[in-house]
Amino acid sequence: MSKSFEPNIVAFTCNWCSYGGADLAGISRIQYPTNAKVIRLMCSGRVDPSMVLQAFKNGADGVMITGCHIGDCHYSTGNYRTQVRYDALSTAMDMMGLHPDRLRLLWASASEGQQWADGITEMTQIIKKLGPSPLNGRGKPKKATPKKAAPKKEAVSKKKAAPKKAAKKGGAKK
Ligand code: FES
């Protein structure tokens with residue numbers, strides 16, 4: 001029986017809003033998939049594009065950047081930067097052969113536990129449909145191609161094999 005694919009999702013959360021939303025979802029016992037690994041940062045604007053690419057490189061099938069709603073960022077303009085970076089990253093991922101749906105932006109306040117849970121659920125379903133990331137090599141057949149055994153080196157004598165004596169011209173006399 002084949003094991004079903006369980007996506008590995010990295011979710012960057014901002015300390016003030018979306019992390020609170022994730023916490024509220026847990027406190028409220030809202031059921032949602034456990035595929036997301038939460039990484040807490042002070043602001044979604046702290047998510048550098050290299051962090052997203054590193055997550056994919058390290059085996060993530062999907063990445064979520066979550067933060068306060070536009071206008072609610074505790075650092076005024078952090079999530080505006082997030083929006084700009086997200087758009088640029090989506091384009092770059094497309095060029096790299098990574099489906100842009102593997103990256104998602106979610107705004108959720110600390111009182112929106114249900115939105116958080118719905119976002120994770122939806123993302124998990126999307127990634128399940130897309131399958132494992134082509135960057136992490138999962139999902140490919142695990143059978144390693146057997147290495148061809150190197151041909152045995154035959155002992156080569158230093159002396160060249162003597163050429164066969166040419167048959168005498170004329171052959172045997174009758
Ligand atoms: S503090 Fe939440 S997005 Fe900036």
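Two strands count as paired if DSSP finds at least two bridges between them; strands (E, at least two residues) and helices (H or I, at least four) are DSSP runs numbered from the N terminus. The model is predicted: local features need pLDDT of at least 70 and side-chain atom pairs count only at pLDDT 80 or more, while totals for chains, interfaces and linings use all residues. Residues are numbered from 1 along each chain as its sequence is written.

Strand β1 (residues 9–14) runs parallel to β3 (residues 62–67). Both belong to an open, parallel-paired sheet of four strands in the order β2-β1-β3-β4. β2 (36–41) and β4 (103–107) each have a single partner strand, so one side of each lacks a neighbour in the sheet.

| Strand pair | Bridges | A bridge partner pair |
|---|---|---|
| β1 and β3 | four bridges | V10 and V63 |
| β3 and β4 | five bridges | G67 and W107 |

β3, α3 and β4 form a right-handed β-α-β unit (with the strands pointing away from the viewer, the path from the first strand over the helix to the second runs clockwise).

Five of the five residues of β4 are buried (20 or more other C-beta atoms within 10 Å of their own, C-beta atoms being placed from the backbone), so β4 is largely enclosed by the rest of the structure. L103, L105 and W107 point one way from β4, and R104 and L106 the other.

How values were computed. Buried ≥ 20, exposed ≤ 12 C-beta atoms within 10 Å, placed from the backbone.
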